[in-house]
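Have the sequence and the 3D view open while reading.

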Amino acid sequence: MNNLLKNNENLLDLIARISISLLFLINGYSKIIYFDGTIGWMESYGLPGFFIYPAILLEIIAPLLLIIGYKTKISSIMLSGFCTITAIIFLNDFSDQSQLNGFFKNIGLSAGFLLLAINGSKKFSLDYKLTKY
């Protein structure tokens, strides 16, 4: 099993970066499409509606950077923080099973981003290519 993982680590890294990024790209796009509704939803939690702008920028730019493997560590740390903050703000009613599940999913995503920040991206990334030249 170790040989299988080792022999395919570059491809698996790329697949993992794409997979974890898609969720945020889709959510960022949804925030644009349902802009007014998202602002109303955020305001219902007591947040100013203008927070939608940095959320959209982060959910679009950071995942794209992860997919191409550029500034992977910084993007991963930012998304890890985003996941943790959104879990605390929006998923804090632990008497609601779906919020409890959502909270721990966000924390799990946050941990995954931290692992990516620690390990960086592999061979199929701009970070790798730029360090070789």
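In this predicted model, 23 residues line the largest pocket, and those nearest its centre are Lys31, Glu59, Phe82, Thr86 and Phe90. Two or more lining residues come from each of H2, helix H3 (35–43), helix H4 (52–68), helix H5 (72–90) and helix H6 (97–119). Helix H5 gives the most to this lining, with seven residues. The space in the largest pocket is about 640 Å³. By class, its lining comprises 18 nonpolar, three polar and two charged residues.

Ile26 belongs to helix H2, which runs over residues 9–33. Is Ile26 buried or exposed? Its relative accessible area is 54%, and a residue counts as exposed over 50%, so Ile26 is exposed.

Helix H2 also takes part in the second largest pocket, where H2 and H6 each supply at least two lining residues. H2 gives the most to this lining, with five residues. The second largest pocket holds about 200 Å³ of space. Its lining is made up of Leu12, Asp13, Ala16, Arg17, Ile20, Gly112, Leu115, Leu116, Asn119, Gly120 and Lys122. These divide into five nonpolar, three polar and three charged residues.

Notes. Residues numbered from 1 in each chain as written. Predicted model: local features only at pLDDT ≥ 70, side-chain atom pairs only at ≥ 80, totals over all residues. Heavy atoms only, no water. Helix = DSSP H or I, 4+ residues; strand = E, 2+ residues; numbered from the N terminus. Buried < 20%, exposed > 50% of the residue type's maximum accessible area, 1.4 Å probe, protein only. 1 Å grid on protein atoms, 1.4 Å probe; cavity = no way out; pocket = protein on both sides within 12 Å on 5 of 7 lines; lining within 4 Å. Points joined across faces, edges and corners; volume = space filled by probe spheres on them. Nonpolar A, V, L, I, M, F, W, Y, C, P; charged D, E, K, R; others polar.
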